[in-house]
Amino acid sequence: MALDLSMKIIVVDDFSTMRRIIKNILKQIGFTNVDEAENGQVAISKIADGNYDFVISDWNMPEMNGIELLKRVRANESTKDLPFLMVTAEAKKENVLEAVKAGVNNYIVKPFTAETLQEKISKIFPD
Amino acid sequence: MRDDSMKEIVGDFVQEALEFLESLNENFIELEKDPENKELLNTIFRAAHTIKGSAGFLGFQNIVELAHSAENILNKLRQGEISLTPDMMDYLLKAIDTLKAMIIIVSKTGTEGDATSDNTELIKKLDDLAEGRILQEEDLKVTAIENSEIKTVDEITNKLAHEEKHKENHAKTDKRKVKNLGDILLEDNLISKEELEQIYKEKEKEEEEEKYQQVEPGIKQPEIKEQKPEQNRMDAPTEEVPRLSVALPTEDRRRLKPPPVPMPEVKETTIRVDIDRLDNVMNLVGELVLARNRLFNISSKLEVKYEGDDLSSALAQVISNLNLVTTDLQLAVMKTRMQPVKKIFSKFPRMVRDLSRELGKDIELQIHGEETELDKSVIEEIGDPLVHLIRNSVDHGIETKKARKKIGKPETGIIKLSAEHEGNYIVITVSDDGKGMDPDIIKKKAVEKGIIDDKTALSLSDKDALSLIFTPGFSTKDKATEISGRGVGMDVVKTNIQKINGIIDIDSQIGQGSGVILKLPLTVAIIQTLIVGVGEDIFAIPLNSVVETLRIAESSIQTIDKHEVINLRKSVLSLLRLGREFGIKESDSIGTGSSLNQEIYVVVVALAEKRIGIVVDDLYGQEEVVIKSLGDYQLGYKGISGATITGDGKVVLIIDVASMIESVKIR
Amino acid sequence: MKRNAGSSKRTSVQTKQSGVQRSSPQGYTVLIVEDSLVVGKFLSIAFNNAGFKVKTAVDGYEALEKAIKDDIGLIVTDLNMPEMDGVTLLKSLKENQLTKNIPVILMSSNIPSENEISKSYAFLQKPFNEEKIISIAKKAIEEVYGH
């Protein structure tokens with residue numbers, strides 16, 4: 001479960017309080033290189049120039065939701081394997097399957113604790 | 001001010017504020033469809049203003065600040081200084097949610113707490129939006145000049161495709177074997193290999209289709225091109241990217257037709273009454289009804305016994321008067337407990353909006369008859385079932401925009417929620433014009449789950465097949481609950497409805513839509529019943545379930561497959577002998593077929609479309625009774641839903657028709 | 001404190017009960033006019049605690065009716081109310097013989113214009129605390145009814 005704590009992470013959510021909470025939890029786990037984006041467009045633009053290693057994004061956002069953001073990230077050569085964790089308010093089967101199709105690496109249901117987040121991230125990066 | 005006084009005021013504040021916030025949610029959705037409505041804007045403004053004012057007196061500064069920002073925008077809106085944009089709506093709704101959360105914290109702890117102390121972002125956004133118009137003009141000027149530097153999302157994604165220098169860093173992550181959600185689900189046994197393969201197949205198919213149709217990657221592309229592109233200062237931190245709110249009709253809002261739902265004025269003379277007090281009055285009236293019944297009974301007997309006697313005639317007259325008054329009193333008390341279904345209907349527009357946005361569907365919720373009134377306890381019980389039914393329509397009923405377009409349906413799906421009086425009942429319907437339910441698929445699933453066997457499945461009509469979804473066990477998933485979400489099945493919905501003596505029915509046409517119909521009694525505690533006798537015992541059957549009564553000869557009873565049935569106008573009616581069911585010694589004349597010519601009574605009861613005939617010895621007539629729960633004594637006794645005391649003082653058990661029907665079907 | 005020694009300078013206030021004077025400010029009934037239930041309650045409790053008798057109204061019409069019918073010594077009213085606002089209420093009170101001498105304290109979260117509050121005894125900006133409103137109320141009563 002060796003998580004690379006130097007990973008550059010970007011947190012995407014239109015609600016700043018949520019971004020702050022996630023950032024804090026990431027800090028608790030040990031990730032200090034965390035950036036934020038308040039919507040899909042900004043996220044894409046940052047990802048384009050930013051050398052991110054991991055994306056954590058909310059599903060439900062106006063204009064471009066998490067799935068669309070994910071699809072666009074996946075549609076590009078250089079980011080098609082960029083690890084992506086989806087944050088959702090609940091995990092209904094249809095949604096989960098849609099996420100699988102879109103190529104998400106894992107999902108987490110809010111509200112969540114630091115332990116859960118760590119677990120979910122660890123699942124993505126084995127050994 | 002003394003602590004307990006303060007507590008009382010805080011309690012009032014919480015109650016009042018939550019009520020306002022609920023109505024605000026409702027009003028906002030209305031406003032979205034009718035943004036120039038002055039009256040609506042005023043009502044909304046006043047709500048925010050009142051919340052702010054009250055919070056101020058109680059020292060809840062954070063609530064005051066947030067409410068003030070909202071009130072500010074609302075004031076400008078109602079003065080016509082700015083106009084409503086989708087972004088503004090989103091943020092205002094967010095403000096409402098946040099206020100609600102803060103007030104709930106107050107209700108639990110008596111103070112604001114510090115978790116909510118930072119709404120500065122939201123407040124800033126709201127304030128920015130309030131200054132909206134000016135910002136937009138300035139930005140337009142600026143963007144014209146800096147057009148060349150602006151990156152559209154298109155350009156960015158293209159850029160990504162050609163970017164070489166980031167390959168290294170991305171390669172770092174690539175090298176590590178990163179898992180997919182599909183892999184993880186497989187690992188954790190949350191999904192089967194077949195299901196996963198199925199999904200990938202579907203994905204491939206979708207991608208193929210897209211290629212052939214030459215749809216540009218990302219359906220929302222056109223929308224983004226229309227927007228003024230954001231200025232992307234790469235070095236600026238996120239917070240400073242200006243939010244350009246251009247009022248464009250996004251796909252979600254274009255097709256919403258404004259239904260003329262009137263906004264009734266909330267200013268009435270009312271008084272708040274503790275619900276316990278009303279329950280008490282209801283109880284007392286119930287007792288009064290019972291006593292009246294007794295009195296009436298005795299008086300009638302007296303009249304017969306002392307025919308012509310002045311005293312007994314006088315008594316009869318007084319009782320007749322008492323009768324009228326008691327009935328009126330009963331109705332009046334019932335009315336005090338009645339509330340318009342609007343109470344629960346009001347949260348649905350917002351729920352449908354949020355859900356459909358999340359699923360990328362376009363759905364319009366039409367509500368009819370929200371002024372229809374129901375007993376408070378009934379309203380409380382149907383809340384959850386209705387949520388479940390509407391979610392079903394949104395999730396499973398209405399298809400995606402693409403799918404609908406493909407089959408020639410309008411892209412906007414419609415969900416209709418209506419409530420109306422029908423005699424002594426309220427009928428609530430939840431219907432959609434979605435893809436409907438396939439009876440064959442349902443039958444198959446039921447067989448898979450072991451609910452019915454193949455033979456039964458074949459003999460089931462399409463209508464009966466639909467009812468299978470109400471069986472316990474139908475909706476539970478095989479895998480862990482994480483995927484099945486809340487796991488509230490249709491069987492729970494049905495149970496809840498039956499708990500209040502209601503009936504639930506379902507109708508559906510594949511490809512056209514589905515509808516669930518709830519039939520609920522106006523009052524919970526007092527019902528009309530048919531009094532029947534078996535041997536020496538007396539029972540009451542709720543009249544709302546009685547279809548008809550028959551008098552037949554024993555000889556007409558046939559036995560098929562160990563079930564007793566009769567032929568009723570060309571269809572087969574299963575029978576249930578009440579005496580046998582409750583182990584009562586039947587009177588000698590009826591029973592083991594000794595006298596086939598003996599006539600017996602059959603009470604045909606129905607629940608939804610299921611019917612059975614209950615065999616009894618005697619029919620005694622109709623009586624209105626007050627249901628008294630048996631409490632603990634009732635546990636484990638299927639078939640009995642309560643007890644009552646009839647007009648002539650006898651204790652009578654009330655039959656639970658639903659479980660009677662169940663027990664016949666299962667056998 | 002004004003001395004009540006039959007001096008002609010004392011203003012005789014026409015109350016419903018032909019000039020009955022109370023023994024203390026608290027002998028007077030305060031009419032609280034406020035459409036917000038929470039604020040109304042806050043004020044009622046505050047005045048009750050201070051020993052005053054309290055009547056309430058949720059809008060201008062109810063307030064006018066009570067001011068005319070009942071024996072009100074002081075009126076505390078919100079400015080911003082639906083149907084009839086505080087300024088209109090104030091005007092109506094001043095135009096009516098039976099109520100024109102009852103001191104009125106106005107309150108609002110916004111600051112009104114001079115014009116609007118000219119006929120009132122005082123204006124308080126919301127929110128304010130208990131002590132403030134009670135002390136101003138006592139002052140108003142002392143000044144108008146003379147103690």
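Along its sequence, chain A of this predicted model follows the pattern β-α-β-α-β-α-β-α-β-α, and the chain holds five helices and five strands, where helices (H or I, at least four residues) and strands (E, at least two) are DSSP runs numbered from the N terminus. Buried residues, meaning those under 20% relative accessible area with a 1.4 Å probe and protein chains only, make up 67% of the 127 residues in chain A. Of the contacts in chain A (heavy atoms within 4.5 Å) between residues at least 6 apart in sequence, 65% join residues at least 24 apart.

In chain C, five strands form an open sheet with parallel pairing in the order β2-β1-β3-β4-β5, two strands being paired if DSSP finds at least two bridges between them. The edge strands of chain C, β2 (53–57) and β5 (122–125), each pair on one side only, and the twist averages 20 degrees from one strand to the next, with axes fitted to C-alpha atoms and angles running from 0 to 180 degrees between N-to-C directions. Strands β3 (residues 74–78) and β4 (residues 104–108) of chain C pair in the parallel sense over four bridges, and Val76(C) stands opposite Ile105(C) in β4(C). Helix α2 (residues 60–69) of chain C lies across β1 (29–33), β2 and β3 of that chain and runs at about 140 degrees to β2(C), the helix axis being fitted over the stretch in contact.

Residues are numbered from 1 along each chain as its sequence is written, and chains are lettered from A and ligands numbered from 1 in the order in which they are written. Local features need pLDDT of at least 70 and side-chain atom pairs count only at pLDDT 80 or more, while totals for chains, interfaces and linings use all residues, and side-chain values use heavy atoms, with hydrogens and water left out.

Technical notes: Buried means under 20% relative accessible area, exposed over 50%, partly exposed in between (1.4 Å probe, protein chains only).
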